[in-house]
Amino acid sequence: MTTDAPPPELHVDAALAARLVAAQHPDLAGRVELVANGWDNVMFRLGDRYGIRMPRRRLAIPLARNEQRWLPVLAPRLPVPIPSPVRVGEPAPELGYDAPWSIVPWFDGAAAVGFDAATRGVAVNGLAAFVAELGTPAPPDAPANPYRGVPLADRDEVVRARLASGRVPDADRLGEVWDRALAAPVWSGPGVWLHGDLHPANLLLAASGFLTAVVDFGDLTAGDPATDLATAWLTFDARSRRIFRAEIERRRGVDDATWDRARGWALVMASAVVEQAGTSSPFGRMGADALGQVLTD
């Protein structure tokens with residue numbers, strides 16, 4: 001359960017979740033237990049087979065609708081389970097909650113953020129298969145996202161502000177990486193499907209390191225495939241990153257410019273984590289470790 005999340009804007013607790021299930025999907029009613037407070041959503045366990053995903057901030061409301069609309073379309077063709085809703089929950093102001101919510105499958109496993117680099121490396125082939133299969137051209141009505149899949153130049157101002165803030169270590173060296181990423185040719189192909197936030201907190205692993213599920217599609221969008229390829233630095237060490245890169249390139253063509261942009265995207269995401277969460281919490285250490293990987297190659 002993260003302690004780095006911003007304050008909630010919507011009151012959400014287990015009692016409310018249980019009331020919503022009982023009112024809208026009574027055949028699935030059962031024990032409800034809090035599992036995690038994320039940045040934008042709260043996750044509960046419902047009985048033994050399901051979870052409940054509920055926005056805790058208003059900006060997550062349209063993102064929840066995107067998940068409800070598109071995850072059932074994507075799930076059948078992906079090689080790794082994703083939380084495609086099994087039931088859609090509607091806003092219920094009469095019960096004190098005016099946002100959409102979802103009942104999703106429950107996946108065994110633990111977030112990869114809690115595993116060491118060697119164990120995460122076991123997931124490299126599974127994650128490469130997921131990224132390759134997801135990253136196909138998306139339809140024109142795929143969700144828009146101003147923060148993911150866009151040209152890196154769109155993120156230049158905010159990244160340079162982070163590097164100048166004093167809160168991100170090795171800012172000068174990271175600035176050189178950023179300049180190289182910005183110099184890479186922009187993506188000129190069709191926008192491809194993107195998870196948008198493919199870091200270890202959103203990957204579930206078995207104790208062995210096997211990838212059991214990819215979760216939290218709140219940033220689902222279409223755009224530059226480099227955005228999701230950033231997981232090479234966010235998730236893996238240098239050895240596993242080489243394997244990941246080779247497996248991705250075996251499955252689909254990726255040029256050097258895309259990998260340069262992917263390294264830049266890793267910097268975008270990891271610097272945001274460090275700026276917001278520091279480096280002492282598990283989430284913050286994840287960001288700091290990823291910045292170290294960005295500087296490794």
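1. Ile 52 stands opposite Ile 103 in β5. Strands here are DSSP runs (E, at least two residues) and helices are runs of H or I with at least four residues, numbered from the N terminus.

2. A word on the source before going on. This is a predicted model, in which local features need pLDDT of at least 70 and side-chain atom pairs count only at pLDDT 80 or more, while totals for chains, interfaces and linings use all residues. Residues are numbered from 1 along each chain as its sequence is written, and side-chain values use heavy atoms, with hydrogens and water left out.

3. Back to β5, and its other partner in these notes. Strand β4 (residues 87-89) pairs with β5 over 3 bridges, in the antiparallel sense, and Val 88 has Ser 102 as its bridge partner in β5. Is β5 mostly buried or exposed? Of the 5 residues of β5 (residues 101-105), 4 are buried, so the strand is largely enclosed by the rest of the structure. Buried means under 20% relative accessible area, exposed over 50%, and partly exposed in between (1.4 Å probe, protein chains only).

4. Now for the whole chain. The protein chain has 11 helices and 10 strands, and its C-alpha atoms fill a box of roughly 55 × 40 × 40 Å along the principal axes. The radius of gyration is 19 Å, which agrees with the value near 19 Å for a compact globule of 297 residues; it is taken over C-alpha atoms, and the globule rule is 2.2 Å times the number of residues to the power 0.38. Of the 297 residues, 53% count as buried.

5. Contacts tell you how the chain meets itself. Among contacts with a separation of 6 or more, 72% come from residues 24 or more positions apart; contact means heavy atoms within 4.5 Å.

6. A second sheet is worth a look. This open sheet of 3 strands has the order β6-β8-β9, with antiparallel pairing. The edge strands are β6 (110-111) and β9 (211-214), each pairing on one side only. Strand β8 (residues 203-205) is joined to β9 by 3 bridges, and Leu 204 has Ala 213 as its bridge partner in β9.

7. Pro 81 sits in the loop between α2 (60-74) and β4 and is partly exposed, with a relative accessible area of 39%. Leaving aside neighbours within four places in sequence, Pro 81 is in contact with Phe 107, Thr 212, Ala 213 and Val 214.

8. Ser 240 counts as buried at 4% relative accessibility. Which residues does Ser 240 contact, leaving aside its neighbours within four places in sequence? They are Gly 121 and Val 124.

9. Finally, two backbone angles to check. Most residues other than glycine have a negative phi. Asp 170, however, has a positive phi of about 55 degrees; Asp 170 is in the loop between α5 (156-164) and α6 (171-183), and is partly exposed at 44% relative accessibility. Asp 216 has a positive phi near 55 degrees, lies in the loop between β9 and β10 (221-223), and is partly exposed at 25% relative accessibility.

Technical notes: Pairing = 2+ DSSP bridges.
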